[in-house]
Amino acid sequence: MKKIIVNGLKYQYPQADVRALNDISFEVEQGEFIGIIGKNSSGKSTLCQSLVGLVPHFYKGAYGGEILVDGLEVKNHPISEIALKVGIVFQNPFTQISGSKLTVYDEIAFGLENIGLPPAEMHERITEVLKELDIEDIKDHSPFTLSGGQMQRLAIASIMAMKPEILVLDEPTSQLDPAGSEEVFKTIAELSRQGVTVMMAEHNMEKIAQFSNRVMLLHEGRLIDYDTPEKIFSRVDLADFGVEPPVYTTVCKALNIKKNGSDVYPVTLAEAEMLLRGTQR
Ligand SMILES: Nc1ncnc2c1ncn2[C@@H]1O[C@H](COP(=O)(O)OP(=O)(O)O)[C@@H](O)[C@H]1O
Ligand SMILES: [Mg+2]
């Protein structure tokens, strides 16, 4: 089932000289984990914001084309309605918190109160996400005292508690250490296995290669390519878009070791290791 359909999306911020997004079209199936890559200013965040309707409803500006999320045309529905289907974790977690709640627990409860969830279910959901994001120990802390990493976990927990069918995450692990980042990726991947559709902008190509079903390569507001991680990272012109493939791919490219019977290079450690061991025999 197609969960997201984007057709000829064009968007220019007010006062900007050029379009931030230009003629973007793609489709996403339910339960896919889509990685969004591209150098700074390529349009990743703007694309994320457009999937939840902040573009154009909040940012205004010149908008063309259409986005359907679960059959709902974003441009014709208010953000409040789209938010029931699509959750977003912002690039900067500090912009995510309400600013009005005194504890981490109450901050997560905030969104759930707004949708009128019964107290028992609310408590159940909050307990679950506190555990999944490993922030049970700070549930009584003030959101204003958190580190960047804790704030990022809180932002993800708040959105996960809403149980959106589509989850948009804009560089959600930028403040986390490698172990924390791995944990968060695994949590999100598990949601995708359960049927949640995931769109994630991310700079860590090893993680994107490991967890994405398909990858979107953006450059100057255009969708250059939308394909499997192997196809995207095997492109010979990848550097032209300011993107470096996973380190495993770089090594295999240098040694000209392709996946068996294909014209693509491996993108994960497990695949690269297997092929490199094979060449030693
Ligand atoms: N609020 C804004 N107002 C005007 N221009 C913006 C705004 N946010 C982003 N842009 C511009 O839109 C383009 C895409 O930016 P962005 O979506 O943030 O890219 P990325 O997330 O890939 O770094 C850039 O040229 C950026 O300067
Ligand atoms: Mg961004």
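The entries below cover strand pairing, then charged pairs.

I am working on a predicted model, where local features need pLDDT of at least 70, side-chain atom pairs count only at pLDDT 80 or more, and totals for chains, interfaces and linings use all residues. Residues are numbered from 1 along each chain as its sequence is written, and side-chain values use heavy atoms, with hydrogens and water left out.

Entry 1, strand 9. I took helices (H or I, at least four residues) and strands (E, at least two) as DSSP runs, numbered from the N terminus. I count strands as paired if DSSP finds at least two bridges between them. Strand 3 (residues 33-37) runs parallel to strand 9 over 4 bridges, with Gly 35 opposite Val 215. Strand 10 (residues 222-227) is antiparallel to strand 9, with 5 bridges; Leu 217 has Asp 225 as its bridge partner there. The hairpin of strands 9 and 10 has 2 residues between them, and Glu 220 in the turn has a positive phi of about 50°.

My criterion is a side-chain nitrogen of Lys or Arg within 4 Å of a carboxyl oxygen of Asp or Glu. I find 18 salt bridges by this rule. Glu 32 and Arg 214 form one at 2.8 Å, N to O. This pair links the loop between strand 2 and strand 3 to strand 9, 182 residues apart. Glu 32 is buried at 11% relative accessibility, while Arg 214 is partly exposed at 23%.

Notes:
Chains lettered and ligands numbered in written order. Buried < 20%, exposed > 50% of the residue type's maximum accessible area, 1.4 Å probe, protein only.
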